[in-house]
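User: Could we go through this structure together, strands and helices in turn?

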Amino acid sequence: MQDVRGPVSDRLLAAIGARPVHALVNNAGIGAPARPLDSVDPTTILDAVDVNVVGPLRMAQALLPMLLAAPTPLIINVSSRLGSLTAQAAGDFADRRTSYAYRVSKSAQNMLTIALAQELAGRVRCWAVHPGSLTTAMGGAGAATAPWEAASRLGRLLDSTDTASPRYLSLDGPDLRW
Ligand SMILES: NC(=O)c1ccc[n+]([C@@H]2O[C@H](COP(=O)([O-])OP(=O)(O)OC[C@H]3O[C@@H](n4cnc5c(N)ncnc54)[C@H](OP(=O)(O)O)[C@@H]3O)[C@@H](O)[C@H]2O)c1
């Protein structure tokens, strides 16, 4: 398995070779236990940024030549609605206990998506995608969507011909506010 905290492995690059890559989906992500400020471990934030933000950057850097060889390439960074600065500032999730590490890293990941979209405009579409509330290890108590269902919806997204970039969309509702 590729650990996104380090350089993209020679093994993965050899498996891809010079073939065009139509879509890069950066799904790997971590969170941290929600704690009040006086007990937040700062390393949890650094760790989450390493995986959730720098990981997708490393993957995009390494795969860019193969993405550019595809006709309508797409980078999807699996984000979260909890990364929305607009929604968080409005208090939309004030009733939820979410770690500093997760909120900080997912909003930073959204900025990465925007920065990539701006640099790669007209060449690679870059989207942030909230997968829904999933019944996974990371999912919350009210999670309702099975991971296979989210994967299936995301798979259909890969066929989209929408040229908008950046986009911040949800697999179970309308587009989100950054
Ligand atoms: N669950 C939800 O309700 C929800 C909601 C919004 C967004 N998301 C996002 O959806 C994505 C998938 O989350 P999930 O719910 O499926 O969580 P999960 O069950 O905890 O799975 C996380 C995945 O990330 C991988 N991963 C973690 N650290 C990695 C690293 N350093 N290098 C490579 N892979 C690594 C894990 O691999 P291993 O199993 O090998 O450790 C695992 O496959 C995440 O980006 C998450 O933020 C989830």
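User: Which way do the residues of β4 point, and are they buried or exposed?

Analyst: This is a predicted model. In β4, Arg167 and Leu169 point one way, while Tyr168 and Ser170 point the other way, and all are buried.

User: How does β3 pair with β4, and over how many bridges?

Analyst: Strand β3, residues 125-130, and β4 pair in the parallel sense, with four bridges between them. Within that pairing, tyrosine 168 of β4 is the bridge partner of alanine 128.

User: What does the charged end of arginine 167 sit over?

Analyst: The charged end of arginine 167 sits over the ring of tryptophan 127, at 5.1 Å from the ring centre. Another such arrangement involves arginine 103, whose charged end sits over the ring of tyrosine 100, 5.5 Å from its centre.

User: And what is the peptide bond from serine 165 to proline 166, cis or trans?

Analyst: That bond is cis, with omega near 5 degrees. Proline 166 belongs to the loop between α5 (147-157) and β4 (167-170).

User: Switching to β2: why is it described as largely enclosed?

Analyst: Five of the five residues of β2 are buried, so the strand is largely enclosed by the rest of the structure. Leu74, Ile76 and Val78 lie on one side, with Ile75 and Asn77 on the other, and both faces are covered.

User: Which strand pairs with β2 in the parallel sense?

Analyst: β1 does, over four bridges. Isoleucine 75 in β2 stands opposite leucine 24.

User: Now the helices. Where does α2 bend, and by how much?

Analyst: Helix α2 bends by about 50 degrees at alanine 62, and proline 65 follows within four residues. The helix covers residues 42-68, and its 27 residues reach 37 Å from first C-alpha to last, close to the 39 Å expected at 1.5 Å a residue.

User: What do the buried residues of α2 pack against?

Analyst: They pack against α1 (10-16), β1 (23-26), β2 (74-78) and α4 (100-119). Among these buried residues of α2 are Val51, Met59, Leu63 and Leu67.

User: Why does the span of α4 agree with expectation?

Analyst: The 20 residues of α4 should span 28 Å at 1.5 Å a residue, and the end C-alpha atoms are 28 Å apart, which agrees.

User: What covers the buried residues of α4?

Analyst: The cover includes α2, β2, α3 (85-89), β3 and β4. The buried residues of α4 include Tyr102, Lys106, Gln109, Asn110 and Leu116.

User: Last one: how many aromatic pairs does the count come to?

Analyst: The count comes to one aromatic pair.

Conventions: Residues are numbered from 1 along each chain as its sequence is written. This is a predicted model: local features need pLDDT of at least 70, side-chain atom pairs count only at pLDDT 80 or more; totals for chains, interfaces and linings use all residues. Side-chain values use heavy atoms; hydrogens and water are left out. Helices (H or I, at least four residues) and strands (E, at least two) are DSSP runs, numbered from the N terminus. The expected span of a helix is 1.5 Å times one less than its number of residues. The bend at a residue is the angle between axes fitted to the seven residues ending there and the seven starting there. Buried means under 20% relative accessible area, exposed over 50%, partly exposed in between (1.4 Å probe, protein chains only). Contact means heavy atoms within 4.5 Å. Rings of Phe, Tyr and Trp (its six-membered ring) pair if their centres lie within 6.5 Å; planes under 30 degrees apart count as stacked, over 60 as edge-to-face and the rest as tilted. A charge sits over a ring if NZ of Lys or CZ of Arg is within 6 Å of the ring centre and within 35 degrees of the ring normal. Two strands pair if DSSP finds at least two bridges between them.
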